[in-house]
Amino acid sequence: MRLNTTPSGKPCLPDAPQLGYSISHCHGWGLLGLAVETEIGVDLERVTSRRVRLAELILSEEERLAWATCPENTRAEWITRAWVRKEALLKATGTGLGTRLTDINVMSAAGMQERMVDLTGPPTYVGAAHLLRSARAAELHIHTPQLSMAA
């Protein structure tokens with residue numbers, strides 16, 4: 001099966017146009033998302049406190065207000081969750097990081113897309129998957145050479 005890219009740079013499978021897929025990897029862990037008859041985007045990241053410094057660059061105005069009320073000990077996970085949700089959405093749409101992250105709200109009930117799925121993986125990691133529309137079938141797998149588990 002051939003691998004190609006769309007004009008916007010999103011990877012695609014020209015021999016299987018009905019199959020959407022997305023891949024993410026972080027520190028030895030990998031996340032693979034497959035969907036039938038829709039595009040999918042996935043992202044997996046380790047929770048780190050350094051992302052907290054990027055709040056002004058990542059979060060929408062509404063998200064910054066919500067984040068400011070988070071207890072200090074949950075802020076790193078909260079902002080990492082926002083990051084993976086945004087990355088998954090942008091991968092699904094094929095627009096990538098050319099879109100201003102501050103224009104996207106994924107952390108409120110109003111901004112949360114019905115086709116967004118939060119994933120739990122290995123300890124201290126968070127992930128997300130986003131489907132552009134309802135899929136006939138979808139599957140997510142978190143992988144490492146030593147361990148495999150379906151999400």
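Predicted model: local features only at pLDDT ≥ 70, side-chain atom pairs only at ≥ 80, totals over all residues.
Trainee: Is H3 enclosed or exposed, and how many of its residues are buried?

Mentor: Of the 19 residues of H3, 16 are buried, so the helix is largely enclosed by the rest of the structure. Just after H3 comes Gly94, which takes a positive phi of about 80°.

Trainee: What order do the strands of the open sheet have, and which pairing?

Mentor: The open sheet has three strands in the order S5-S7-S6, and their pairing is antiparallel. Strand S5 (40–46) and strand S6 (116–120) stand at the edges with a single partner strand each, so one side of each is left without a neighbour in the sheet. Direction ignored, neighbouring strands of this sheet are turned by 15° against each other on average. Helix H3 (residues 75–93) packs on the sheet, where it touches S5, S6 and S7, and its direction makes about 155° with that of S5.

Trainee: How many bridges pair S5 with S7, and which residue stands opposite Ile40?

Mentor: In general, the side chains of a regular strand alternate between the two faces of the sheet. Here S5 pairs with strand S7 (residues 125–131) in the antiparallel sense over seven bridges, and the residue opposite Ile40 is Leu131 in S7. Elsewhere, S3 and S4 also run antiparallel, joined by eight bridges, with Tyr21 opposite Leu34 in S4.

Trainee: What do the centres and planes of the rings of Trp29 and Tyr125 tell us about the pair?

Mentor: A pair of aromatic rings is described by the distance of the centres and the angle of the planes. The count comes to one aromatic pair in this model: the ring centres of Trp29 and Tyr125 are 6.2 Å apart and the planes stand at 55°, so the pair is tilted. It links distant parts of the chain, since Trp29 is in strand S4 (residues 29–36) and Tyr125 is in strand S7, 96 residues apart. Trp29 counts as buried because its relative accessibility is 16%, and Tyr125, at 10%, counts as buried too.

Trainee: Where does the charged end of Arg75 sit?

Mentor: The charged end of Arg75 sits over the ring of Trp67, at 4.4 Å from the centre of that ring.

Trainee: Where is His27 found, and what is the value of its phi?

Mentor: The background is that most residues other than glycine have a negative phi. His27, found in the loop between strand S3 (19–26) and S4, has a positive phi near 50° although it is a residue other than glycine. The hairpin of S3 and S4 in which His27 takes this value has two residues between the strands, and at 52% relative accessibility His27 counts as exposed.

Methods: Residues numbered from 1 in each chain as written. Heavy atoms only, no water. Pairing = 2+ DSSP bridges. Helix = DSSP H or I, 4+ residues; strand = E, 2+ residues; numbered from the N terminus. Axes fitted to C-alpha atoms, helices over the stretch in contact; angles between N-to-C directions. Contact = heavy atoms within 4.5 Å. Phe/Tyr/Trp six-rings, centres within 6.5 Å; stacked < 30°, edge-to-face > 60°. Buried < 20%, exposed > 50% of the residue type's maximum accessible area, 1.4 Å probe, protein only. Lys NZ or Arg CZ within 6 Å of the ring centre and 35° of its normal.
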